[in-house]
Amino acid sequence: MATEYTPTEMMDRESRSNRYYRNAVERHWDPGEIDLEADVENLLVYIDASGSYDRESWYGMLTGIAKFGAGEDAVTEDLAPLGTVLDDIDDQLFLTTQLYEEAKHADFFDRYWRDVVWAVEDELGWERSNPRHERWFNDPYVELFDRNRKAQFRLLEEDTPENRAKAYCHYHLTVEGILAQTGYYGMQTSYGGEFEDLPHLPGLVQGFTKIRSDEGRHVGFGMNQLKKLIAEGVDPAIIEETVEELLPLVQGITEDERFQPDDPDERVGLEDGKLAAYAVDKHTDRMRQITDAAADIPGVDELVQLEGDD
């Protein structure tokens, strides 16, 4: 990493990184403008109508939101090393928007917990729950984000093409491209009004929709960087092996059933195993698009498309 100042080259406005940057500018949104009142009302009606709803049931709904919130905080903190080592102006332009967007995502989940979760708990006379309590985070979750942090900060000690590839694999490809995409599918399907046995949470779904749009750019950027690294000589096996090592952790997170009823017949929402299968499908798609020289990286809208989207 050069430490002496030299003027940068002019922007390449046709580059993918620059186009992602412009896309981010044009799609700006404010997490504070999403209406959350209906979520509070719908949750109170849902809980009141359920004769057997208790704190354990409540925790079952909150665990996904808590994982997303803490995850957004973590990736906001862990992205800085990559910004330090990048030397292309268009890559840097894009990464500034990604840092800003990760902060917005963290803002949204913090606001949701304060304005919805605590509002419901106050109304019911329950003790306010802590979104950073250890109960929400199982061992695979902690290990995945620990590995991601180490992969990012390794760049400050040894910035090699191989280490950059591993950093992109951890952050953009696995955490955002597979885990987050799978989580969007599960949460938006569960609380989008499709299941009568679950509350409809339009504010949460709208937040996820906005976040998905941002993350499509993030995933596309990381995939493009990996594709360029392969073209420049990085062994594709490094990418495949890195993600293969992380995929069991993703499955351990998506299959976290600690707050689910023991009897499968009492569970509501997506069928058992569907999230894990979705994660595997996303992994297969991403690897083909990166390692196949003839394959194109999809556009932003396709990257964030969920099953059932028009």
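## Aromatic pairs

Across the whole structure, a search finds 16 aromatic pairs. Here, rings of Phe, Tyr and Trp (its six-membered ring) pair if their centres lie within 6.5 Å; planes under 30 degrees apart count as stacked, over 60 as edge-to-face and the rest as tilted. This is a predicted model, where local features need pLDDT of at least 70 and side-chain atom pairs count only at pLDDT 80 or more, while totals for chains, interfaces and linings use all residues. Residues are numbered from 1 along each chain as its sequence is written, and side-chain values use heavy atoms, with hydrogens and water left out.

## W113 meets W136

Let's look at one of these pairs. W113 and W136 are edge-to-face, 5.8 Å centre to centre with 70 degrees between the planes. Because W113 lies in helix α5 (residues 89-124) and W136 in the loop between α5 and α6 (139-153), the pair ties together parts that are 23 residues apart in sequence. Helices are DSSP runs (H or I, at least four residues), numbered from the N terminus.

W113 is buried, at 3% relative accessible area, and W136 is buried too, at 0%. Buried means under 20% relative accessible area (1.4 Å probe, protein chains only).

## A stacked pair and a cluster

The ring centres of F137 and Y141 are 5.1 Å apart and their planes are at 25 degrees, so this pair is stacked. Both F137 and Y141 are buried.

Elsewhere on our tour, one aromatic cluster is formed by F68, F108, F109, Y112, Y184 and F208.

## R135 over two rings

The charged end of R135 sits over the ring of Y59, 4.4 Å from its centre. The charged end of R135 also sits over the ring of W136, 5.2 Å from its centre. For this, NZ of Lys or CZ of Arg must be within 6 Å of the ring centre and within 35 degrees of the ring normal.

How values were computed. Helix = DSSP H or I, 4+ residues; strand = E, 2+ residues; numbered from the N terminus. Buried < 20%, exposed > 50% of the residue type's maximum accessible area, 1.4 Å probe, protein only.
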